[in-house]
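Subject: Handover of a structure and findings

Dear colleague,

I am handing over the structure below, and my findings follow it. Please read them with the structure open.

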Protein chains: 2
Amino acid sequence: MNGGGPAGAMNGGGPAGKVTIAGLAERLGISKASASYALNGQPGVSGPTRARVLALAAELGWYPSSSARALSQSRSGAVGIVLARSPEQLGSESFYMTVLAGIEAVLSEHDMNLMLRMVAPTEAPAPGRDLDVYRRWAGERRVDGVIVFDLFGDDSRPQLLSRLRLPHVMVGAAEDAQPTPFGANTTVDQGADAATLVEALHRGGHRHIAYVSGPLGLTHEAARRAGIHAHAHHLGMTTVFSASDYTADDGGKATTAVVAGLAVGSPDFPTAIVYGNDLMAIGGLRALKRRGIAVPGNVSIVSWDDSILCRLSSPGVAALARNTMELGRLSAALLLDTIAGHQRASVAMPAGVLHSRESLAGVVRQHP
Amino acid sequence: MNGGGPAGAMNGGGPAGKVTIAGLAERLGISKASASYALNGQPGVSGPTRARVLALAAELGWYPSSSARALSQSRSGAVGIVLARSPEQLGSESFYMTVLAGIEAVLSEHDMNLMLRMVAPTEAPAPGRDLDVYRRWAGERRVDGVIVFDLFGDDSRPQLLSRLRLPHVMVGAAEDAQPTPFGANTTVDQGADAATLVEALHRGGHRHIAYVSGPLGLTHEAARRAGIHAHAHHLGMTTVFSASDYTADDGGKATTAVVAGLAVGSPDFPTAIVYGNDLMAIGGLRALKRRGIAVPGNVSIVSWDDSILCRLSSPGVAALARNTMELGRLSAALLLDTIAGHQRASVAMPAGVLHSRESLAGVVRQHP
DNA sequence: CTGAAAGCGCTTACAG
DNA sequence: CTGAAAGCGCTTACAG
C-alpha cells in the first residue's frame with residue numbers, strides 16, 4: 001500500500017508491458033513476496049493463490065525484469081563468447097556457426113542467453129583484445145560464464161578467467177589439459193582422429209604423407225601434428241609437415257611448398273596430403289590442379305574438417321566429419337554445470353568419422 | 001557511513017571484483033552520488049575529486065554492475081538478434097556471420113552487447129518461434145532493440161515489435177517499405193542490382209535467361225524476381241523463373257527443372273541462369289555438369305551473393321558482390337539511432353558490383 | 001560542488 | 001500460508 005501511490009496505480013493501469021510484480025500483487029490483494037513465490041514455483045503459497053497469480057501473469061503478459069532479477073540474484077542469465085577470428089574466416093568456415101548453434105540450443109533450453117562478441121584476430125602467442133572483454137564482462141557481471149575457443153600454448157585466458165572467478169569452458173582442449181579453478185574442458189582426442197586418418201591412408205597404400213596444419217601455436221594443431229607423426233611412424237610411414245593459417249590462399253601456398261622441386265612419383269613426393277581445415281584443403285586442391293598434379297591420380301587429399309565446401313567441390317574432398325553441433329552442446333552443458341558449482345573436470349567429444357570422397361584413392365603400387 | 005557497516009567493510013576489504021560504487025565512495029570519503037557523477041562524466045563534482053575517483057576505479061578494476069545500471073536506467077545495453085534458419089544454412093552461407101560481424105563492430109564501439117538466439121527455421125508464410133523470443137525479451141527488458149532478417153510478405157514481426165514498443169530494424173527491406181512505430185529499415189535496391197545483372201547478360205548477347213530464386217515468400221526475392229523481369233523485358237529479353245530454397249541440393253533440382261526437356265541451343269533453352277544465392281549456384285553448376293551441359297559453354301551462371309564458394313569453385317562462379325559487413329554496420333547504427341529516439345525511416349545499402357568469373361561468358365551468335 | 005534519500009523491480013530471510 | 005522489510009548496486013532529482 002504505502003509507496004504504491006501514484007506509481008503503483010500507473011503500473012496497475014498502464015499499457016501492457018509495464019506490469020511489475022508489485023502490480024500483480026496489488027491487483028490480487030496479496031504481497032509481492034507471495035506473488036514471487038508463486039511465479040518461481042517456490043513453496044510458501046497456497047495452491048489457489050498460486051494459480052491466480054500465474055493466470056494473471058499470463059493474461060497480462062508479465063515477465064520478470066531481467067535486470068531486477070539479475071541484481072537480486074547476482075546472476076545475469078547470460079553466457080558470453082568472444083570470437084577472435086576475422087569475419088572472413090568466421091563466415092567461410094562453418095565450424096563456428098555450427099558450434100554456436102549447438103551451444104545456443106542448450107542455453108535456450110535452460111533459459112540462458114548467449115552474448116556474442118567479435119574482436120580482431122589474436123596472433124597465437126600474443127594475448128588479444130578478448131582479454132579486455134573478459135575483464136569487463138566479469139566486472140560488470142554481465143555474463144555468468146564464458147566459452148573459449150582456439151586455445152594456444154601458454155594461453156593466458158584460463159588464468160585470467162580463474163582470477164576473475166568467471167566460470168569458463170575451453171572448447172577442444174587437449175585430452176590431458178588441467179582445468180583451472182572455475183574452469184572445465186571439452187576435450188577432443190586428436191590422437192584418435194589422427195589415427196583414423198593415418199590408418200585409412202595406410203590401408204590405401206600410402207607410405208609418405210604430408211600434413212598442412214593451421215598455426216602451430218594452437219594446442220590442437222600441435223596435438224594433431226604429434227598424433228599424425230606418432231601413428232605414421234608406428235605404421236612405418238614417413239611424414240612431412242607444413243604450417244599454414246587456415247585460409248585457402250595460404251593453404252595453396254603451403255601445398256606448393258610441400259611438393260616444390262619434387263617429381264610426381266618420386267619417393268619424396270607425398271602421395272597424400274592431410275589439411276587442418278576445409279578451406280586449406282580446397283586451396284590446396286586448386287594449387288595442385290594449377291600445377292598439373294592430378295587429384296587423386298597423383299596425390300590424395302583429406303580435410304580434417306568436413307563441410308559443404310568439401311561436399312560441393314570437384315573432386316569431392318574426403319573429410320573427417322565431426323559432430324560440431326554436439327561439441328557445442330557438450331560445451332554449453334558443461335558450462336552450465338560449472339556455473340551451478342558442480343565442477344566436472346572435462347567432457348570428451350565423440351571421435352570423428354572419415355567421409356571418403358573422390359579426392360581419396362589408393363596408391364598404384366610401383367614395381368621396384 | 002550508516003548502512004555501510006559490515007557489508008561495506010566486506011566490499012572495501014574483499015577480493016578484487018567485488019568493488020561497488022559505495023565501496024569507492026567510502027574509501028574516498030565522498031558520497032555515492034559524487035562517485036557516480038565522476039564515473040559517468042556528469043557535472044557535479046570538482047576536477048580533483050573526479051580524478052581521484054577515476055584513479056581509484058581504475059586501480060581496483062571497478063566496472064558498473066550491468067544489472068544495477070540497467071535497472072536504474074531502464075536500458076539493458078544489449079541488442080538482440082533471432083536467426084530463424086537451419087544451422088546448416090547459417091554455417092554454409094557466409095552472409096549471416098558477415099553481417100553479424102558488421103553489426104557487432106558498431107555495437108561494441110558504442111558499448112552495446114549483442115544477444116544472439118537461433119530458433120527453428122520459419123516457414124515463410126507462418127509465424128515462427130521467434131515471436132515468442134521477442135515477446136519474452138521485451139517483457140524481461142533484456143534487450144533495447146532488435147535487428148530482424150528475412151522479411152516475408154505479410155510478416156507479423158514489425159507489428160508485434162511495434163506493439164511491444166521494442167525498437168527494431170528490418171534488414172534488407174524493400175525500398176518503399178514503410179517503417180512501423182519504433183521501427184526503421186535498411187533497404188536494398190533489388191531493382192538496381194537486378195539491372196546490373198541483366199545488363200551484363202544482355203551485353204554478353206544473352207536474350208533468354210532464367211532466375212532460380214529463394215522462397216518467393218521473402219519480400220526481397222519477390223523484388224528480385226520483379227526486377228529481373230522488368231529489366232529483361234525492357235531490353236527485349238525473355239525470362240523463366242523457378243523458386244528454390246537456398247540449399248545446394250534443391251538449387252540443383254530447380255536447375256534441372258529449368259532445362260528439362262530442352263535441347264541445348266534451342267530457343268527455349270536459357271543461355272544464362274541467375275541464382276538467388278551461392279549455394280544454389282554451386283548446386284546448379286553440379287547439376288549442369290552431371291547432365292553434360294557445359295558452363296559457360298552452353299550456359300552461363302551468376303550468383304546474387306558472392307562468397308568463397310563462388311571464388312573457389314571451378315569454374316569460378318560470377319557473382320554480385322555486396323558489402324554485407326557494411327549492411328550490418330548500417331543496420332546497427334540505424335538501430336542505435338532508433339533506440340535513442342532519433343527516428344530515421346530508412347537507410348539504403350550501397351549497390352552490388354558484379355564480379356565476373358569463368359562461369360560467365362558471352363553467347364556465340366547463331367546464324368539463322 | 002556535495003550529501004542524504006528515493007527509486008528501479010525483483011528475491012529472500014524473518015516474523016507472524 | 002502470508003506480509004512487511006531489507007537488500008542487490010546503481011542513478012537521479014532534490015536540498016544544502
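A polar contact is here a pair of N or O atoms within 3.5 Å; within protein, one atom must be able to donate a hydrogen and the other to accept it, and residues adjacent in sequence count only if both atoms are side-chain atoms. By that rule, 20 residue pairs are in polar contact across the interface of chain A and chain B, with both residues of a pair at pLDDT 80 or more. Please bear in mind that this is a predicted model.

The interface between the chains

The side of chain A that touches chain B receives its greatest contribution from helix H7 (residues 94–109) of chain A, which gives seven residues. By class, the residues on that side of chain A are 26 nonpolar, 14 polar and 13 charged. Six salt bridges are counted between chain A and chain B. One of them joins the side chains of Arg117(A) and Glu104(B), with an N to O distance of 3.4 Å.

As to extent, 53 residues from chain A and 53 residues from chain B take part in the contact. The size of an interface is often given as the accessible area lost when the parts come together. Here chain A and chain B bury about 4900 Å² between them, and 58% of this lies on carbon and sulfur atoms. Of the area that chain A buries against chain B, 14% comes from Tyr63(A), Met97(A) and Leu312(A), more than from any other three residues.

How are the two chains related? Chain A is superposed on chain B by a rotation of 180 degrees with 0.0 Å of shift along its axis, and the RMSD is 0.0 Å. That is the relation of a two-fold axis. The copies meet through the same surface, because 100% of the interface residues of chain A are also interface residues in chain B.

DNA strand D

DNA strand D is surrounded by 26 residues, and the closest are Gly44(A), Ile21(B), Lys32(B), Ser36(B) and Arg69(B). Of the atoms of DNA strand D that come within 4 Å of the protein, 59% belong to sugar and phosphate.

Which elements give two or more residues to the surface near DNA strand D? They are helix H3 (32–39) and helix H5 (66–73) of chain A, together with helix H3 (32–39) and helix H5 (66–73) of chain B. By class, this surface has eleven nonpolar, 13 polar and two charged residues.

DNA strand C

Around DNA strand C there are 26 residues, of which Ile21(A), Lys32(A), Ser36(A), Arg69(A) and Gly44(B) come nearest. Sugar and phosphate make up 59% of the atoms of DNA strand C that come within 4 Å of the protein. From chain A, an N or O atom in the side chain of Trp62(A) is 3.1 Å from a phosphate oxygen of DNA strand C.

H3 and H5 of chain A and H3 and H5 of chain B each supply at least two residues of the surface near DNA strand C. The residues of that surface divide into eleven nonpolar, 13 polar and two charged.

Backbone geometry

- Val295(A) and Pro296(A) are joined by a cis peptide bond with omega of about 5 degrees. Pro296(A) is placed in the loop between helix H13 (278–290) and strand E9 (300–303) of chain A.
- The peptide bond from Ser314(A) to Pro315(A) is also cis, with omega near 0 degrees. Pro315(A) lies in the loop between helix H14 (308–312) and strand E10 (318–321) of chain A.
- Asp150(B) is not a glycine, yet has a positive phi of about 55 degrees. The loop that holds Asp150(B) runs between strand E3 (145–148) and helix H9 (157–163) of chain B.

With kind regards

Terms used
Residues are numbered from 1 along each chain as its sequence is written. Chains are lettered from A and ligands numbered from 1 in the order in which they are written. This is a predicted model: local features need pLDDT of at least 70, side-chain atom pairs count only at pLDDT 80 or more; totals for chains, interfaces and linings use all residues. Side-chain values use heavy atoms; hydrogens and water are left out. A residue is near a molecule or strand if one of its heavy atoms lies within 4 Å of it. Helices (H or I, at least four residues) and strands (E, at least two) are DSSP runs, numbered from the N terminus. Ala, Val, Leu, Ile, Met, Phe, Trp, Tyr, Cys and Pro count as nonpolar, Asp, Glu, Lys and Arg as charged, and the others, Gly among them, as polar. Copies are superposed by least squares on the C-alpha atoms of residues with pLDDT of at least 70 in both. Contact means heavy atoms within 4.5 Å. Buried area is the accessible area (1.4 Å probe) that two parts lose on being put together, summed over both. A salt bridge is a side-chain nitrogen of Lys or Arg within 4 Å of a carboxyl oxygen of Asp or Glu.
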